[in-house]
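Hi,

Here is the structure I said I would pass on. Have a look at it first, and then read on for what I found in it.

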Amino acid sequence: MHIDWFVLFCQIFNFLLLVYLLKRFLFGRIIKAMDDREAKIAARFAEAEELKVKATEAAGLYEKRNQLLNEAKEKMLNEATMAADAKRKELMEKVRVEVDQVKARWQDMLVREHDAFFYDLRQRAAKQLYATARKALSDLADADLEERIVDEFIRRVKALDEEKSIQIRNAIRGGGNKVIIQSAFSISASRQAQIEEVLKKQITNGFTLRYMRQPEIVSGIELRVNGHKIAWSLNEYLETLVESLTETLQKEAHAA
Amino acid sequence: MEIVSLNQISPDQVIIFTWGFIKLNVTILYTWLVMAILMVISWLATRNLSSEMNVSHWQHFLEVIISVVRGEISEMTKKGADNYVPLIGTLFLFICTSNVLVIVPGFVAPTSSITTTASLALCVFIAVPYYGISRNGLFHYLKEYFQPNFIFFPFHVMGELSRTLALTVRLFGNIMSHEKVIGILLAVTPLLFPVIMQVLGLLIGVIQAYIFAILSMVYIASALAEDEHHAHVEVKQQSVTTV
């Protein structure tokens, strides 16, 4: 086999030239591009890793903050609940007190109205009764009501037992020997003398008698002295009437 | 002019121009053609190289080839693969291009000339001690010739020479014989069978390029070899030389 040495060296030169050229224009460039890209990818990975670490740290931080916020929220919620409960109890107590006060006021008002109503009823009934009795007595017995009342008063004085008489006597003495007789009507002088005489005879002599007209004593007469009383009036009858009426009203209220 | 004839065993004999001892034959001419083609392709492929994430299909293709070459080299050298990529890559591209271009009518592969294959083998023959000495030092390199003892020195030398000769003859024999077979078949058989042989020839051409490049790398790697991967290189060499 013939080998041409010139061609051999030419081919060696050609090949080495080709190695150089390809290294310069092909492999070098491609390897550089690949290495650059690898470096960029590595840099991106490193950056991503760093960001991941930062993100993990941030996530941990935010989780911790979130936990703290939740704890604070829970605490505030508990405090708010407790405050609301306390406030609710306070308001309930306040309302209860107010309701009790209103109820008490209402009950007071009711009692006052009740009293006023029955007082008025009693007054009207007494007046009516008084007028009716006076007219009936005048028409049927040809008698005066006031006179009959004074007679009844005198009868009651006379009917006093010894013990009661002593008590009243002592009361007169204890009260400065002053006796007041109150009546809803005027008492004539003769009748006053009659009363005084009966009193002196039944109880004692040493006292000063004074008469007062008092419209509140409905169709009645009374002697008051230092805690003791001798009296007659329609009030006793009216009390029965009022009691009966009150009982009736209460029964109807319960039924309603 | 008939480029290849049965009585012309090598394209070296087809002389185009002569001036004194300087002569231009078909081998040199087609070598330049292959070089020009490779340079044009290189220029076209690398003019828009990008190191960004989005690259062209061309660049992807080239990078795949380079990656394969680097991978093969790395398997044997373990480190510094980029130092050998230009030599091994150029060997592969030059031989492969030369062998593939035989499909073009009128083209004669420079590798069918024993002068070309000898020059390539000589380059490898020189590259082996160059890389070995530059990496491990002269003493370490020479010491390998006396392993396991001095008696083996002549055998090592013979091995160096014989494998260079083997590189030369293997490539030359495969490519030249293929061309000659095609030529004979064209003369005695219909067209269809030579076409099949051409396709087979392309496959052989690529395989031979791969074998030449890999064996070159194996020889270089054996010179670089340190104790830990010496055995691996030996195994690789045996598996390739059996092809």
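Let me start with one residue pair in the sheet of chain A: Ser183(A) stands opposite Arg213(A) in strand 2 of chain A. Before going further, please keep in mind that this is a predicted model.

That pair belongs to strand 1 (residues 178-183) and strand 2 of chain A, which run parallel and are joined by six bridges. On strand 1's other pairing, with strand 3 of chain A, the direction is antiparallel and there are four bridges. Here Ile180(A) faces Arg224(A) of strand 3 of chain A as its opposite number. Strand 3 of chain A also pairs with strand 4 of chain A, again antiparallel, over five bridges, and in that pairing Ile221(A) is opposite Trp232(A). The hairpin of strand 3 and strand 4 of chain A has two residues between the strands, and Asn226(A) takes a positive phi near 40° there.

Put together, this gives an open sheet of four strands in chain A, with the order 2-1-3-4 and mixed pairing. Which strands stand at the edges? They are strand 2 (208-213) and strand 4 (228-232) of chain A; each has a single partner strand, so one side of each has no neighbour in the sheet. Ignoring direction, neighbouring strands of the sheet are turned by 15° against each other on average.

Strand 3 of chain A is worth a look for its two faces. In a regular strand, side chains alternate between the two faces of the sheet. In strand 3 of chain A, the covered face has Ile221(A), Leu223(A) and Val225(A), while Glu222(A) and Arg224(A) make up the uncovered one. Helix 2 of chain A lies across strand 3 (221-225) and strand 4 of chain A, and runs at about 140° to strand 4.

Helix 2 of chain A has a helix partner as well. The axes of helix 2 (residues 145-158) and helix 4 (residues 189-202) of chain A come within 9 Å and cross at roughly 10°, so these two helices are roughly parallel to each other. On the helix 2 side, the contact is made by Val150(A), Ile154(A), Val157(A) and Lys158(A). Helix 4 of chain A brings Arg191(A), Gln194(A), Ile195(A), Val198(A), Leu199(A) and Gln202(A). By class, that contact has six nonpolar, two polar and two charged residues.

One more spot in chain A: Gly220(A), in the loop between strand 2 and strand 3 of chain A. Is Gly220(A) buried or exposed? With 22 other C-beta atoms within 10 Å, Gly220(A) is buried, because 20 or more is the cut-off for that. Leaving out residues up to four places away in sequence, Gly220(A) touches Ile149(A), Ala184(A), Ala231(A), Trp232(A), Ser233(A), Leu234(A) and Asn235(A). Ser183(A), where I began, is 37 residues from Gly220(A) in sequence, yet their C-alpha atoms are 5.7 Å apart in space.

Now for chain B. Chain B has eight helices and two strands, in the pattern β-β-α-α-α-α-α-α-α-α along the sequence. Of its 243 residues, 37% count as buried. Among contacts in chain B with a separation of 6 or more, 63% are between residues 24 or more positions apart.

Helix 1 (residues 26-46) of chain B has 21 residues and reaches 29 Å from first C-alpha to last, close to the 30 Å expected at 1.5 Å a residue. Its buried residues include Val26(B), Tyr30(B), Val34(B) and Leu38(B). What do the buried residues of helix 1 of chain B pack against? They meet helix 1 (5-141) of chain A, together with strand 1 (15-19), strand 2 (22-25), helix 3 (85-100) and helix 4 (114-136) of chain B.

Further along, helix 6 (residues 153-188) and helix 7 (residues 192-224) of chain B pack at an angle of about 175°, with axes 10 Å apart; they are therefore roughly antiparallel to each other. Among the residues that meet there are Leu167(B) and Leu171(B) of helix 6 and Phe193(B) and Met197(B) of helix 7 of chain B. The contact divides into 14 nonpolar, six polar and one charged.

Best wishes

Key:
Residues are numbered from 1 along each chain as its sequence is written. Chains are lettered from A and ligands numbered from 1 in the order in which they are written. This is a predicted model: local features need pLDDT of at least 70, side-chain atom pairs count only at pLDDT 80 or more; totals for chains, interfaces and linings use all residues. Axes are lines fitted to C-alpha atoms, for helices over the stretch in contact, and angles run from 0 to 180 degrees between N-to-C directions. Angles under 35 degrees count as roughly parallel, over 145 as roughly antiparallel, 65 to 115 as roughly perpendicular and the rest as oblique. Two residues are in contact if their C-beta atoms, placed from the backbone, lie within 7 Å. Ala, Val, Leu, Ile, Met, Phe, Trp, Tyr, Cys and Pro count as nonpolar, Asp, Glu, Lys and Arg as charged, and the others, Gly among them, as polar. The expected span of a helix is 1.5 Å times one less than its number of residues. A residue is buried if 20 or more other C-beta atoms lie within 10 Å of its own, exposed if 12 or fewer, and partly exposed in between; C-beta atoms are placed from the backbone. Two strands pair if DSSP finds at least two bridges between them.
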